[in-house]
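Subject: Structure handover, with notes on the chain contacts

Hello,

Here is the structure we talked about. Please look it over first; my notes follow below.

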Number of protein chains: 2
Amino acid sequence: MDENPIAPMSDDEAWEVLRQHEFGRLAFHLLDEVHIVPINYAVDANKRIIFRTAEGSKLLGMAMNSDVAFEIDQYDEETALSVIARGRAVTLEGSAAYVADDLPLRPWVPTAKFNVVAIEVSEISGRRFHLDKPWTHMHLN
Amino acid sequence: MDENPIAPMSDDEAWEVLRQHEFGRLAFHLLDEVHIVPINYAVDANKRIIFRTAEGSKLLGMAMNSDVAFEIDQYDEETALSVIARGRAVTLEGSAAYVADDLPLRPWVPTAKFNVVAIEVSEISGRRFHLDKPWTHMHLN
C-alpha cells in the first residue's frame, strides 16, 4: 500500500470529534508515577474538557501536579481515529463548578463524584488511520 | 440501585482480559510531561505487555524514565470493563526482541516500527462496571 495510512486532523476537526464523544482516558502524575484512568467527560463552551471525580488519588495527583494528558479513540474493521489533548487540570470551586450542570456530562457509573475538574488544553492533535488487518479475513483452523 | 455498580477482577482475570485484547493506551513520561498514545500490543508468556514502536518521543521518553501505565477498556450499552497496568518499560535488544515474532502482535497501521518494548508489570487491576445510561432509552426531539 503506497498511500499514507495516517491522516492528521485539523484542530477544529479534533475538537469536533472530542465533542462527539463522552468517554476517554486521563493520564496524570501521582508523585513520581504516571497513572491512567477511564473517565466520562464533556467539552464546555471555552474548549475545556470537563469531568467529575471523587476524592482519591486522581484528584490528589492533579492537585500536586496539574500536567495531564487525555485521549479518546474509536475504531472499526477498516478505520480508526484518535484525539490526544494535553494541558493543565484545574479543580473548579464554587460557582465555577456549575458549568458541569449545563453540559451533557453523564457518568456511566452512578457513584458519588462531587468534584468538577476542567482540563485547560494547551495542545490537541487528532489522527485518522486506515487499518490493515488482513487476519480478520482469514479463518485459521 | 443498591448493588455496587463496580466489581473488581482477580489478577488472573485481569490478565486473561489483557490477553483477549490487542489495542490499548500507553501513558509515559516525556521530561516533565505526561503523554498518552494508543498502541497495539500482545502479552507474552512472562506476563509482559509487548509492543513495537518507531523512533520518536515515546521511545525517548521511556528511555529517560521507564515508569509507564497502560489501559484497555471495552463497553457496550449495559456493561464496561477496564484493566490498568503499571510498570517499567524496557526496550528489548538483540535476540530478546525475537519474542515479538512469536506473539500475535499485529499493528493495525502498517508503518515501520523497528523497536520492541516490554512493559514489566508491577501492578495490575481490572474492574467491571454495570452502566446506568437511562438517556440511551430516551428519544428526544
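A salt bridge here is a side-chain nitrogen of Lys or Arg within 4 Å of a carboxyl oxygen of Asp or Glu. Arg25(A) and Glu71(B) meet that rule, with N to O at 3.6 Å.

Some ground rules. This is a predicted model, in which local features need pLDDT of at least 70 and side-chain atom pairs count only at pLDDT 80 or more, while totals for chains, interfaces and linings use all residues. Residues are numbered from 1 along each chain as its sequence is written, chains are lettered from A and ligands numbered from 1 in the order in which they are written, and side-chain values use heavy atoms, with hydrogens and water left out.

Symmetry

Chain B superposes on chain A by a rotation of 180 degrees, with 0.0 Å of shift along the axis and an RMSD of 0.0 Å. That is the relation of a two-fold axis. Contact means heavy atoms within 4.5 Å. Which residue of chain B comes closest to the rotation axis? Ala27(B) does, with its C-alpha at 3.1 Å.

The interface

In contact are 39 residues of chain B and 39 residues of chain A. The area buried between the chains is about 3,200 Å², and carbon and sulfur atoms give 71% of that. Buried area is the accessible area (1.4 Å probe) that two parts lose on being put together, summed over both.

Between chain B and chain A the count is six salt bridges. Strands 2, 3, 6 (67–75), 7 (79–92) and 8 (115–130) of chain B each give two or more residues to the side that touches chain A. Strands are DSSP runs (E, at least two residues), numbered from the N terminus. Strand 6 of chain B gives the most to that side, with seven residues. By class, the side of chain B that touches chain A has 22 nonpolar, five polar and 12 charged residues. Ala, Val, Leu, Ile, Met, Phe, Trp, Tyr, Cys and Pro count as nonpolar, Asp, Glu, Lys and Arg as charged, and the others, Gly among them, as polar.

Salt bridges

Over all chains the count comes to 24 salt bridges.

Start with Asp67(A) and Arg86(A), whose closest N and O atoms are 2.8 Å apart. Asp67(A) lies in strand 6 and Arg86(A) in strand 7 of chain A, so this pair ties together parts that are 19 residues apart in sequence. Asp67(A) is buried at 12% relative accessibility, and Arg86(A) is buried at 6%. Buried means under 20% relative accessible area, exposed over 50%, partly exposed in between (1.4 Å probe, protein chains only).

Next, Glu71(A) bridges to Arg25(B) at 3.6 Å. Glu71(A) is in strand 6 of chain A and Arg25(B) in strand 2 (residues 23–30) of chain B, so the pair joins two chains. Glu71(A) is buried at 0%, and Arg25(B) is buried at 2%.

Then Arg86(A) again: its bridge to Glu33(B) has the closest N and O atoms 3.3 Å apart. This pair crosses from strand 7 of chain A to strand 3 (residues 33–40) of chain B. Glu33(B) is partly exposed, at 29%.

Shared partners also link Arg25(A), Glu71(A), Asp73(A), Arg25(B), Glu71(B) and Asp73(B) into one salt-bridge network.

Best wishes

Terms used:
Copies are superposed by least squares on the C-alpha atoms of residues with pLDDT of at least 70 in both. Helices (H or I, at least four residues) and strands (E, at least two) are DSSP runs, numbered from the N terminus.
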